[in-house]
Amino acid sequence: MTANQLMFAVFAAIIIIFSILTVTSRRILRAATFLLFVLVATGGMYFLLRFNFLAAIQLTLYAGGIVVLIIFSILLTSHIAEKLEAPSWKKIIPALLASGFGAVITIATILQYNFPAEVVATSERTDIRVIAKSLISTEKFGYALPFEVISILLLAAMVGAIILAKKRKD
Amino acid sequence: MNFSIYDFTSFNQWIDQFLRSVMSPFWAIAVEMVIIGLAILLFYALVGLFLVYAERKVCAFMQNRVGPNRVGPYGFFQTIADFIKLMLKELITIKNADQLLFNLAPFIIIIASFMAIAAIPFAKGLHAIDFDIGILYVIAVSSLGVVGILLAGWSSNSKYSLIGAMRSGAQIISYELSVGLSLLTIIILAGTMQFSAIVEGQANGWFIFKGHIPAFIAFVVFLISSTAETNRGPFDLAEAESELTAGFHTEYSGIKFAFFFLAEYMNMFIVASIAATVFLGGWMAFHVSGWNGFNHIMDFIPPFVWYIGKTFFVIWIMMWFKWTFPRLRIDQLLTLEWKYLLPINLVNILIMAFVVLMGWHF
Amino acid sequence: MNSIFTYFTEIFHAVKSLLTGMKVTGRYFFSPWEIVTQQYPENRKTLKMYDRFKGEVVMPHNGNNEHRCTGCGICETACPNGSIEVIQNKIEMPDGKKKRIIDKHIYHLSMCTFCGLCIKSCPSDALAWGQEFEHAVFDRAKLTKILNKPGSSILKDIAE
Amino acid sequence: MSAESLILFFIVGAFLVGFALVFAHYVAPNSTNPQKAEAYECGIPTEGLTWLQFNVGYYLFAIVFLIFDVESVFIFPWAVVMKELGMIAFVEIVIFFFVLGLGLLYAWKKGALKWE
Amino acid sequence: MFEGVPLHWFLITGTIMFFVGIYGFLVRKNLITILMSIELILNSVNINFVAFNKILYSDRLEGMFFTIFIIAVAAAEASVAIAIILNIYRRLVNIDVEKMNEMKY
Amino acid sequence: MKEADFRDNETLDLFKQSGGNILLTTIDAVIDWGRSNSIWPLTFATSCCGIEMMAAGASRHDFARFGIEVYRASPRQADVIVVAGTIVNKMAPVLKRLYDQMSDPKYVIAMGACAVSGGPFYYNSYHVVRGVDHVIPVDVYVPGCPPRPEALLYGVMQLQRKIKLESMANPRKTENLK
Amino acid sequence: MDQTALKERIMGLVPDAEFLENKQFLTFVIPAEKMHDLAFKLKFETDLAFDFLFCLSGVDMVKFLEVVYHLESTANKHQLELKVRTADRENGAVDTVCDVWRTAEFHEREIYDLLGIRFNHHPDLRRLFLEEDWKGHPLRKDYVDEVNIVEL
Amino acid sequence: MKEVINLPVKNIEEEEYHINMGPQHPSTHGVLRLVVSLQGEIVKSLKPHCGYIHRGIEKMCEKDTYPQIIHLTDRMDYLSAHINNHAVCLLVEKALEVDVPERVKYIRTIVDELNRIASHQLWWCSFGMDMGGLTCFFYGLRDREKILDIFEESFGSRLLHSYYTPGGLMMDIHPNFQKGVKDFIKYFRKKIKDYDDLLTGNIIMQLRTKGVGIISKEDAISYGVTGPSGRASGFACDVRKHHPYGVYDKADFKEILGTAGDTFERYMMRMYEMRESMKILEQLIDNIPAGDYAAKMKAVIKLPAGEYFQRVEAARGELGVYVVSDGNKTPYRMKFRSPNFSNLSALDHISRGVKIADLVAIGGSLDYVIPDIDR
C-alpha cells in the first residue's frame with residue numbers, strides 16, 4: 001500500500017462514514033458538522049489529486065461558506081433541546097431500497113467498464129498560473145465568459161436572497 | 001552539509017537525504033513528518049505562551065504598571081503557571097449541552113490555526129508547505145475556525161454563549177472578506193500567491209513601499225480586519241466581558257477554555273505573520289536599492305530574526321489597538337466592514353490593478 | 001458628490017481621533033518611568049503608612065506592661081456595631097474598697113469599621129490606632145483580639 | 001510534501017487537543033453538584049429555552065458574505081496573472097467588479113447591510 | 001491510475017456518497033437537512049469530475065473548471081434556498097416539509 | 001516575604017498535620033506552584049470592598065504582579081472568588097450557585113468586615129448574612145472595612161501559602177463542605 | 001408664590017386638608033382619597049407646577065401609617081410636603097401617584113416592601129428589595145424577626 | 001425522549017426572550033439584576049430587580065445614635081461617602097440649630113469636592129471599562145489614588161472615613177492637606193487631557209453614545225433623575241446652587257446644563273463637573289479660615305421631636321435625608337432619598353429599543369452604585 005492509497009482510503013472512509021452520519025443524525029447541528037467533515041475530506045482528496053486551487057476553493061466556499069451559512073440558519077431556527085423526528089420505516093425502507101439498488105447498479109457498471117489507459121501528462125497542469133490564464137482567456141479552453149457570467153449569477157443570487165430574506169414592511 | 005542560519009534549504013535537503021539513505025522513502029517521509037510535527041507543536045506552545053506573557057507586559061506598560069513580575073525573572077514563567085493550572089482544572093460537563101459538539105469545538109479551532117501555520121515561511125527554506133496558492137490556502141483553512149466558535153456557542157446551552165457565537169460568527173465571516181481582498185491587492189503587485197515567491201519578490205523593497213498608496217491602504221485595511229477576524233481588540237464583542245460575560249466560551253472551563261485562549265493568540269500570530277510576510281517582506285532583510293553597504297549590513301541579521309521582529313511588531317500594533325480603543329457595537333462593526341472597508345477595498349484593488357497596468361509601482 | 005465628500009471626511013476624522021487615543025497609550029508605553037506601581041511585599045521594609053492610618057485599634061502598653069484602660073465601657077457603648085466588649089472584674093483594693101478593673105478588653109477586628117468613635121470617646125486615651133494592616137488569617141477566630149496584654153495592669157496615675 | 005503535511009498538521013492539532021483533554025480528564029479534580037452542570041446566567045437559574053430569538057440581521061450578512069466569498073475566490077487567479085496579461089485582465093475584472101458593485105449597491109440601498 | 005489509486009476507487013466513493021445523499025433527500029423531512037443532502041450529491045459529482053480530469057485527462061482542466069463552477073452555483077443555490085427556508089420558517093415556525101401543506105406565502 | 005513574617009502560621013501548621021502529608025512530592029510542588037501563581041478571580045463585587053479590589057488591580061498596587069490580573073466574568077474559568085462586600089439573604093443563594101458553578105479547585109477569600117462576619121451590619125439588621133462562611137467555605141479572611149489593597153494582596157499571599165500545601169494524592173474536597 | 005399664598009392655594013384645592021406646623025416645608029395632611037386628584041392638579045396647574053417629587057417616604061407612626069410626599073417645583077422654586085395617613089395597618093391603601101410622577105413607582109414599591117402600605121392602581125406592586133416570600137415588613141415598629149435580627 | 005419542542009408562538013419575530021444581567025455581571029457595577037426582554041439584540045423592556053445588597057440601613061439607623069449613623073451612611077454610596085455624611089451632619093446641625101465654625105464648612109466643602117472628583121474618576125474608569133476600553137480603568141484609578149493619598153494622610157483611611165461628625169469633624173486636617181490638594185489639581189489638570197484624548201474624542205465612543213438612551217427634560221424631572229445625569233437632560237437640579245450648604249454660596253462655579261440628554265451628554269456632564277470641582281477647590285483651598293474643627297456639642301445628641309429634611313448634592317445626584325425624631329437620641333424614622341434609586345427607576349424608560357451593548361453604556365453613564373439603591 002502506497003502513501004497515496006493509504007491517504008485515499010482515509011479520506012474515502014471519512015467521506016462515506018460522515019455522509020451516512022449526516023443523513024441519519026437526528027440532531028441537526030451534528031448533521032451539519034458531519035457535513036463539514038465530509039466537505040473537508042473532499043477538499044483533502046483534491047489536495048491529494050494535486051488540485052490545490054480547487055481544494056482551497058472547496059475549503060473556502062463549501063466548508064467556510066456554505067456550511068457556515070447552514071449552521072447560521074440552524075442556529076436561527078432550532079434550539080439545543082430540539083431533535084429531529086425519527087423517520088418512519090415506511091419511508092426508510094423504500095428510500096433504502098431505492099438508493100441501495102441505485103448504488104449497486106452504478107457500482108457494478110463502473111466496475112465493468114474499462115476506462116482507457118491514462119494519458120500521461122507531459123506537464124503538471126494544475127499550477128495556479130495555468131488555471132488563471134485559462135480562466136480569463138477568451139480563446140479555446142478559455143473560461144472568460146463563464147467567469148463573467150458567474151458575476152451575474154452571483155448578482156442574481158444576492159438580489160434574490162435579499163428580497164426573500166428581508167423583512168417585508170407590512 | 002553546509003548549514004547556515006541564512007538559508008534552511010540545504011538543511012532540509014540534508015535531513016531528507018540522510019533519512020532516505022537509512023530507511024525506505026515511506027518511512028523517511030513518516031519520520032520527517034514526526035520531526036516537523038514535534039517542531040511545530042513546540043513552536044506553537046512556545047509562541048502561545050510567549051504571546052500571552054507579552055500581551056500582559058505590553059498592556060501593563062501601557063497602563064503604567066509593571067505586569068507579572070513575581071513568577072520567575074520578570075514574571076517570565078507566569079504563563080507556564082497559568083498553563084499548569086488550566087491543565088489541572090476541572091472539566092465541567094454541562095447539563096443539556098451537546099457533549100459531542102461541545103468537545104469538538106476546541107478541536108476545530110485549534111486544528112484550523114494549526115493548518116494555517118503550516119504554510120507560513122519562517123525563514124528561507126523553513127516552512128512546512130510551500131503551495132502555489134499559499135495565501136488562498138491560509139484564508140481557506142482559517143475560515144474553518146468560525147465553525148468551531150459557532151458550535152461552541154450553540155452547544156453550551158447558555159444564552160450568553162449563543163449570542164456571543166452569533167455575533168462572533170457574523171463578525172468573522174464579514175471580516176474574512178476584507179482580509180482576503182486586502183491580500184489580493186498585494187497579489188496583483190506580486191503576481192504570485194506562493195509565500196516563498198512573495199518574499200523573494202521583496203528582495204529589493206517591501207511591498208508596502210513598492211506598492212505605495214494602494215499597498216499602504218491595503219495594509220491598514222488588513223490590520224483592522226485581521227484584528228477583527230481574530231476577535232480581538234476593539235472588536236471583541238463576541239466575548240464582550242461587560243455584556244456577555246465571556247461570550248461563546250462562557251461555559252468552558254479548564255483546558256478547553258485554554259484552547260480558545262491559545263487559539264486567539266495563535267490566530268493573532270498567524271495574521272501578524274501574514275502581514276509581515278506579505279506587506280513587510282517576511283524574512284527578507286530591509287533593503288534599499290542602491291545603498292549596497294547598508295544592504296550588506298542588513299543581510300547579517302538572520303532571516304528568522306527579521307521575520308520574528310516584523311511579526312511581533314505587527315502583534316504589538318494589534319495589542320496597542322486592543323488596549324486603547326473602546327469596543328464597537330455589533331451594528332457599527334458590520335457597518336465598518338460593509339460600508340467602509342469592503343468598498344474601499346474593492347476600489348483599492350482596481351487602483352492597484354491600474355497602477356500595475358501602468359507600471360507606476362517601484 | 002457631497003455625500004462622498006462627507007464619507008471621506010468622516011473617515012479622516014475617525015482615523016484622527018483613533019490616532020489621538022493611540023498617542024496617549026503609546027506615550028505611556030514608551031515612558032516606563034511613569035509607572036506608579038508599588039511592589040507591595042518587596043517594599044515591606046520601606047512601606048510606611050501615614051501617621052493617622054487606621055489599621056486596627058490597639059491599646060498601647062508602656063515598658064512596664066501598663067495600659068491606660070480603666071474598663072469603664074464607654075468605648076463599648078460608643079461602638080456602633082458592637083465590635084468592642086469590655087469584661088470587667090471586681091477586685092478588692094488594699095484599702096478594702098471594691099473596685100472595677102478591666103479583665104478583658106475584647107476587640108473584634110473582624111467587625112470593626114474603623115470609624116474611630118471608640119478612640120474619640122475614650123476618656124483616658126487608652127485606645128489608639130495601630131499601623132498594622134496585614135491581618136489576613138485562615139481562621140476567623142484569630143481575628144478576635146484581647147487588647148490588654150496578659151498580666152498587664154493599669155497605669156498608676158490613671159487609676160487614681 | 002503537500003497533502004501529506006496537511007494531514008500531519010491535522011493530526012498534530014488533533015493530538016494536541018485530544019491529549020490535553022484526555023490528560024485533564026484523568027488528572028484534574030472532579031466533583032459534581034447539581035448546580036455545576038446548569039447553565040451559567042449570572043448566578044440565577046436559567047429560565048426558558050436557550051434559544052436566540054430569530055434575528056434575520058445575522059443571516060443577511062451570511063448571505064452577502066457567501067456571495068462575496070465566491071467572488072473573491074474568483075478574483076484570486078485573476079490577480080496572479082494580472083501583471084502578465086495586462087489590459088485584457090483589467091477590462092475583464094472591471095466588468096466583473098461593475099456587476100458585483102451593482103450587487104453591493106443593491107444590498108446597501110435595500111438596507112441589507114444595516115444591522116437590525 | 002493516480003500513483004496507485006485506481007479511478008474506480010474514486011468513482012465508487014463518489015457513487016456511495018451520491019446515493020447516501022439520495023437516501024437523505026428521500027428520508028429527511030427537515031428542509032435544511034434536505035439541503036445538506038443536496039450538497040452531498042453535488043459533492044459526489046465533483047469528486048467524479050475531478051478524478052476523471054486528473055486520471056484520464058491530466059493535461060486538461062475541464063473537470064476542474066466544471067467543479068469550480070458547480071461550487072459557485074452551489075453557493076448561489078444555497079444562499080437562495082436558505083433564504084426561502086427562513087421565509088417559510090418565519091411564516092410557519094416550522095421547516096418540516098410534511099407540515100407545510102399550507103403554502104400561504 | 002519570609003515565612004515568619006506571616007500571621008496565623010499556627011492554623012497553617014494545623015492544615016499540614018490534618019492533611020496527613022507533610023511531604024509533598026515534586027509533582028505536587030510543580031502543580032501547587034502553578035496553581036498558586038495563577039489565581040484568576042471571578043469578577044464579583046457587591047459593595048465598597050469591590051472598589052478596593054479594583055484599586056488592588058489598578059496601576060498603583062497591580063494585582064497582576066502575582067499573575068492574578070485575569071479577571072474572569074464566568075465562574076467556570078475563575079479560581080478564586082473574592083467576596084468583596086456584604087452578602088445579604090437574597091444574595092446568598094446566588095453566591096452559593098456561583099461558587100458551585102466554579103470548577104475545581106476553587107478558593108474563597110472573604111474580603112472586608114461584611115464578608116468576614118457581617119461587620120457593620122452584624123447587629124440590628126434583618127437581611128444580612130453574618131459572615132460568608134455560613135454560605136460557602138472560606139479559605140482566607142481579610143478583615144478591614146474596607147481592607148486596603150495591600151491587605152488584599154497579603155490575603156492573596158496567604159492563600160498562595162495555603163494552596164502550596166495541597167497534594168494530588170489528597171485533593172481538596174469542596175463539595176463535602178457546607 | 002410665597003408661602004402664605006401657596007398655603008391658601010392648597011387649602012383652596014383641598015379644603016379638608018390639615019395644616020401642620022413645620023419649620024422647613026409647608027406641610028399638609030391630605031385625606032387618602034383626595035391625594036391622586038390633588039397630585040394631578042399640583043403638577044399640571046401652571047402656578048403650582050410641582051413637577052419634581054424629590055422624596056417619597058413612608059413612616060410607621062404606630063397609630064397609623066403615613067406616606068410623605070416632598071415636592072418641588074423646578075419652575076417656581078417652591079416646595080411642599082404632603083402627608084397621607086392610613087389608619088388600617090393591614091389593608092391600608094393609598095392611590096398611587098406614579099402616573100403623575102414616574103419616580104413614585106419605585107418609591108411606592110419600596111414603601112410597600114418595607115412598610116406594607118398598598119398602593120391602588122400601581123402597575124407593578126411587588127416587593128422591591130426583599131424576597132417575594134419574606135414575611136412581614138421590616139420598617140414597621142412592631143416588626144420582630146428573631147431569626148435574622150441580632151439585637152445589640 | 002422529548003421529540004420536537006413546538007414553539008407556542010405564531011410570529012417568531014415578535015417573540016420575546018429574557019436574559020438575566022446580574023447579579024454577578026461586570027456591567028451592573030455590583031449586584032443589580034436586570035431581567036432584559038430582548039427581541040434579537042434589541043431591548044424591549046427591562047425589569048430591575050434590586051435587593052441583592054439590601055442591608056436595611058434605614059432600620060439600623062433607628063437603633064443608632066446620630067454620631068453612629070455616620071458609619072452607616074458611609075456605606076450607602078461609598079463613592080461619595082463624605083457627602084452622605086455631610087447630609088446627616090447638616091441635618092443634625094439644622095435640627096439643633098448649631099452653628100458650626102467657618103473652618104469646618106470650608107473643609108467639608110473642599111473634602112466634598114475632592115470626593116466628587118474621586119467618584120467621577122472611578123465612574124470614568126468603570127465607564128471606560130463598560131465601553132470595552134480597559135486602559136481607561138487603569139488611568140482613572142491611577143489618578144484617583146492621588147486623592148486617596150490626600151484622604152489617607154488626613155483621615156487615616158482610603159475609602160470610608162467617617163470623618164464628619166455632627167457638629168464638626170473628627171479631627172483637624174493634616175498640615176500637608178492644602179499642599180496635597182494643590183499638587184493634585186496641578187497633576188490632574190494635565191491628566192484630564194489624557195481622558196479626553198483617550199475616550200472623549202474617540203470616534204468609537206462617540207458613535208456608541210451619541211443619540212443613545214435619550215431622556216427628555218420632562219422625563220428626567222418626572223423620574224427624579226438628578227445629578228449629572230439629570231443635568232444632561234437640562235434639568236437644573238444642582239442642590240449646591242439652588243439650596244446652598246457649606247460654603248458653596250461663596251464659591252464661583254457654573255451649573256452646566258446639557259441639552260441632548262443622551263449617554264454622551266451624561267458623560268460630558270461629569271467631565272465638566274470634574275473641572276468645575278477643581279475650580280471650586282482652587283478658590284477655597286487657600287482661604288480655609290483658622291478656627292476650631294468642631295462645634296461644641298452635647299455628649300448625647302438628641303434631636304427635638306419633629307421632622308427634618310436635608311438635601312445635598314452627592315456625586316450621583318441629589319441625596320435627601322428625611323428624619324422623623326421623637327426626641328430620643330436615636331431617630332424615630334430615617335429615610336434616605338438616594339440619587340441612584342431614582343436614576344435607576346428611569347433605566348427601563350431610557351433603554352427601550354436600544355441594543356444590549358447600549359444598555360451597558362447607558363448603565364455606565366447613569367453610574368449607579370447598587371448599595372445606595374438598596375441601602
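Q: Which element gives the largest share of the lining of the largest pocket?
A: In this predicted model, that is α1(C), with twelve residues.

Q: What volume does the largest pocket have?
A: About 1500 Å³.

Q: Which residues are closest to its centre?
A: Leu336(B), Tyr340(B), Leu341(B), Ile11(C) and Val15(C), out of 40 residues that line the largest pocket.

Q: Which elements give two or more residues to that lining?
A: From chain B there are α10 (212-229), α14 (303-322) and α15 (330-358). Chain C gives α1 (2-29), and chain H gives α7 (203-209).

Q: And how does the lining of the largest pocket divide by class?
A: There are 33 nonpolar residues, five polar and two charged.

Q: OK, chains C and H. How many residues does each put into the contact?
A: Chain C puts in 26 residues and chain H 32.

Q: What area is buried there?
A: About 2300 Å² between chain C and chain H, with 58% of that from carbon and sulfur atoms. On the chain C side, Tyr28(C), Tyr50(C) and Arg52(C) lose the most area to chain H, and together they make up 29% of what that side buries.

Q: Why give an area at all?
A: The accessible area lost when the parts come together is often used to give the size of an interface.

Q: How many salt bridges between chain C and chain H?
A: The count is one. Arg27(C) and Asp194(H) meet there through their side chains, at 3.2 Å from N to O.

Q: And polar contacts across that interface? How many residue pairs?
A: 13 residue pairs between chain C and chain H, both residues at pLDDT 80 or more.

Q: Which elements of chain C give two or more residues to that side?
A: α1, α2 (74-78) and α3 (117-121) of chain C. α1(C) gives the most, with nine residues. By class, the side of chain C that touches chain H has 13 nonpolar, eight polar and five charged residues.

Q: Back out a bit. How many salt bridges over all chains?
A: A search of the whole structure finds 51.

Q: Where does Lys355(H) sit, and what does it pair with?
A: Lys355(H) forms a salt bridge with Asp331(B), and their closest N and O atoms are 3.6 Å apart. The pair crosses between chains: Lys355(H) is in the loop between α13 (347-351) and α14 (356-366) of chain H, while Asp331(B) is in helix α15 of chain B.

Q: Which chains have the most contacts between them?
A: Chains A and E, among 19 pairs of chains that touch. That contact takes 74 residues from chain E and 82 residues from chain A.

Q: What do they bury?
A: Chain E and chain A bury about 7100 Å² between them, and 74% of it is on carbon and sulfur atoms. Tyr23(E), Arg28(E) and Met36(E) supply 9% of the area that chain E buries against chain A, more than any other three residues.

Q: How many salt bridges and polar contacts for chain E and chain A?
A: Zero salt bridges between chain E and chain A. The polar contacts come to eight residue pairs, both residues at pLDDT 80 or more.

Q: Which element gives the largest share of chain E's side?
A: α3(E), with 22 residues. The side of chain E that touches chain A divides into 47 nonpolar, 15 polar and twelve charged residues.

Q: How far apart are chain E and chain F?
A: No contact joins chain E and chain F, and their closest C-alpha atoms lie 33 Å apart. Chain D and chain G do not touch either, with their nearest C-alpha atoms 14 Å apart.

Q: Last topic, cavities. How many of 30 Å³ or more?
A: The structure holds 13 of them. The second largest cavity has a volume of about 370 Å³. Closest to its centre are Ser142(B), Ile172(B), Glu229(B), Thr230(B) and Asn267(B), from the 26 residues that line the second largest cavity.

Q: Which element gives the largest share of that lining?
A: α12(B), with seven residues. By class, the lining of the second largest cavity has 15 nonpolar, seven polar and four charged residues.

Definitions and conventions. Residues are numbered from 1 along each chain as its sequence is written. Chains are lettered from A and ligands numbered from 1 in the order in which they are written. This is a predicted model: local features need pLDDT of at least 70, side-chain atom pairs count only at pLDDT 80 or more; totals for chains, interfaces and linings use all residues. Side-chain values use heavy atoms; hydrogens and water are left out. On a 1 Å grid over the protein atoms alone, a cavity is a set of points where a 1.4 Å probe fits but cannot get out, and a pocket is an open set with protein on both sides within 12 Å along at least five of seven lines; lining residues have an atom within 4 Å of a point. Grid points are joined across faces, edges and corners, and a volume is the space filled by probe spheres set on the points. Helices (H or I, at least four residues) and strands (E, at least two) are DSSP runs, numbered from the N terminus. Ala, Val, Leu, Ile, Met, Phe, Trp, Tyr, Cys and Pro count as nonpolar, Asp, Glu, Lys and Arg as charged, and the others, Gly among them, as polar. Contact means heavy atoms within 4.5 Å. Buried area is the accessible area (1.4 Å probe) that two parts lose on being put together, summed over both. A salt bridge is a side-chain nitrogen of Lys or Arg within 4 Å of a carboxyl oxygen of Asp or Glu. A polar contact is a pair of N or O atoms within 3.5 Å; within protein, one must be able to donate a hydrogen and the other to accept it, and residues adjacent in sequence count only if both atoms are side-chain atoms.
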